[in-house]
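Subject: Structure handover

Hello,

Please find the structure below. My notes on it follow.

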Amino acid sequence: MADPIFTPQREPEDVPPYDHERAEAAVRELLIAIGEDPEREGLQQTPARVARAYAELTAGMRMRPEDVLTTTFDIGHDEMVLVRDIELWSMCEHHLVPFTGVAHVGYIPAESGKITGLSKLARLVDLYAKRPQVQERLTTQIADSLMELLEARGVIVVIEAEHLCMTMRGVRKAGARTITSAVRGLMHRSATRSEAMALIHSPRH
Ligand SMILES: Nc1nc2c(ncn2[C@@H]2O[C@H](COP(=O)(O)OP(=O)(O)OP(=O)(O)O)[C@@H](O)[C@H]2O)c(=O)[nH]1
Ligand SMILES: [Zn+2]
């Protein structure tokens, strides 16, 4: 049996348009289910607000990595590029509550020196984060899309995150951080991987 944690997501072109009306109705139902009165003053606009918020929090379902890795340059730089401590907010697909932390994304450009703008790496993290996720899949998707679209010779993605489903409910282990990594291509070389890890963990100035 396939592990339900790793079931693939729909491809963006197969995702139907966001249904605001349905989302609103569902939030209203949820309010009723928990025993609230959706007509009381403070809650009247809540279904519409939540529906808008979820549209934003799931916008990455309808985006492809090529939509954000739009700018690439051939500058002949073929050494490692690493952006660390990229702020990350995602939503666990099991409980639909946030997980938050940082992503570190490094790559070794193609021999041609094809690179992308640094902000695009952060945009790529955001794209995959704005979907119902598991941290492992998020990590893998970022790594694989960089390998493919930049034709990178190597990639490392490390994500350190705290899952609110483990903090505010359930086992209630505040401060427990989950660390996942995805390593591709030349980053498997131990010296290169050690260099990346040293950069990720070097003290901030
Ligand atoms: N591997 C993985 N697990 C996750 C992630 N986010 C949440 N989970 C886990 O998914 C599991 C779902 O387990 P279930 O037993 O079906 O759900 P539950 O009864 O709410 O589990 P508890 O959280 O232990 O109360 C939990 O152990 C969560 O901690 C993630 O990104 N990756
Ligand atoms: Zn969860």
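Among contacts in the protein chain between residues at least 6 apart in sequence, those joining residues at least 24 apart make up 71%. Two residues are in contact here if their C-beta atoms, placed from the backbone, lie within 7 Å.

This is a predicted model, in which local features need pLDDT of at least 70 and side-chain atom pairs count only at pLDDT 80 or more, while totals for chains, interfaces and linings use all residues. Residues are numbered from 1 along each chain as its sequence is written, and chains are lettered from A and ligands numbered from 1 in the order in which they are written.

Overall layout

The protein chain has 205 residues, of which 26% are buried. A residue is buried if 20 or more other C-beta atoms lie within 10 Å of its own, exposed if 12 or fewer, and partly exposed in between, with C-beta atoms placed from the backbone. Taken along the principal axes, the C-alpha atoms fill a box of roughly 60 × 45 × 35 Å.

The protein chain contains seven helices and seven strands. Their order from the N terminus is α-α-α-β-β-β-β-α-β-α-β-α-β-α. Helices (H or I, at least four residues) and strands (E, at least two) are DSSP runs, numbered from the N terminus.

The chain is divided into domain 1 (7-57) and domain 2 (71-201), and the C-alpha centres of these domains lie 29 Å apart. The bounds come from an automatic or database domain assignment.

Helix pairs

Two packed helices are described by the angle between their axes and the distance between the axes. Axes here are lines fitted to C-alpha atoms, for helices over the stretch in contact, and angles run from 0 to 180 degrees between N-to-C directions.

Helix α1 (residues 20-33) and helix α2 (residues 46-57) have axes that come within 8 Å and cross at roughly 125 degrees. That angle makes α1 oblique to α2; angles under 35 degrees count as roughly parallel, over 145 as roughly antiparallel, 65 to 115 as roughly perpendicular and the rest as oblique. The crossing of α1 and α2 is right-handed. A crossing is left-handed if the near helix is turned anticlockwise from the far one by less than a right angle, and right-handed if clockwise. On the α1 side the contact is made by H20, A23, E24, V27, R28 and L31, and on the α2 side by T46, P47, A48, V50, A51, Y54 and A55. The residues of this contact divide into nine nonpolar, two polar and two charged. Ala, Val, Leu, Ile, Met, Phe, Trp, Tyr, Cys and Pro count as nonpolar, Asp, Glu, Lys and Arg as charged, and the others, Gly among them, as polar.

Helix α4 (residues 118-129) packs against helix α5 (residues 135-149) at an angle of about 135 degrees, with the axes 10 Å apart. This makes α4 oblique to α5, and the crossing of α4 and α5 is right-handed. L124, V125, Y128 and A129 in α4 meet L138, Q141, I142 and S145 in α5. The residues of the contact of α4 with α5 divide into six nonpolar, two polar and no charged.

Individual positions

I86 sits in strand β2 (residues 81-92). I86 counts as buried because 22 other C-beta atoms lie within 10 Å. Leaving aside neighbours within four places in sequence, I86 is in contact with V102, A103, V105, L121, A122 and V125.

G154 lies in strand β6 and is also buried, with 22 other C-beta atoms within 10 Å. Not counting residues up to four places away in sequence, G154 touches Y107, I108, R184, G185, L186, M187 and T192. A143 is 11 residues from G154 in sequence and 9.0 Å away in space, C-alpha to C-alpha.

P12 is in the segment before α1 and counts as partly exposed, with 15 C-beta neighbours inside 10 Å. Apart from neighbours within four places in sequence, P12 is in contact with M61, R62, M63 and R64.

Backbone angles

Most residues other than glycine have a negative phi. E151, not a glycine, has a positive phi of about 50 degrees. E151 is in the loop between α5 and β6 (154-163) and is partly exposed, with 13 other C-beta atoms within 10 Å. R172 has a positive phi near 55 degrees. R172 lies in the loop between α6 (164-167) and β7 (178-185) and counts as exposed, with 9 C-beta neighbours inside 10 Å.

Regards
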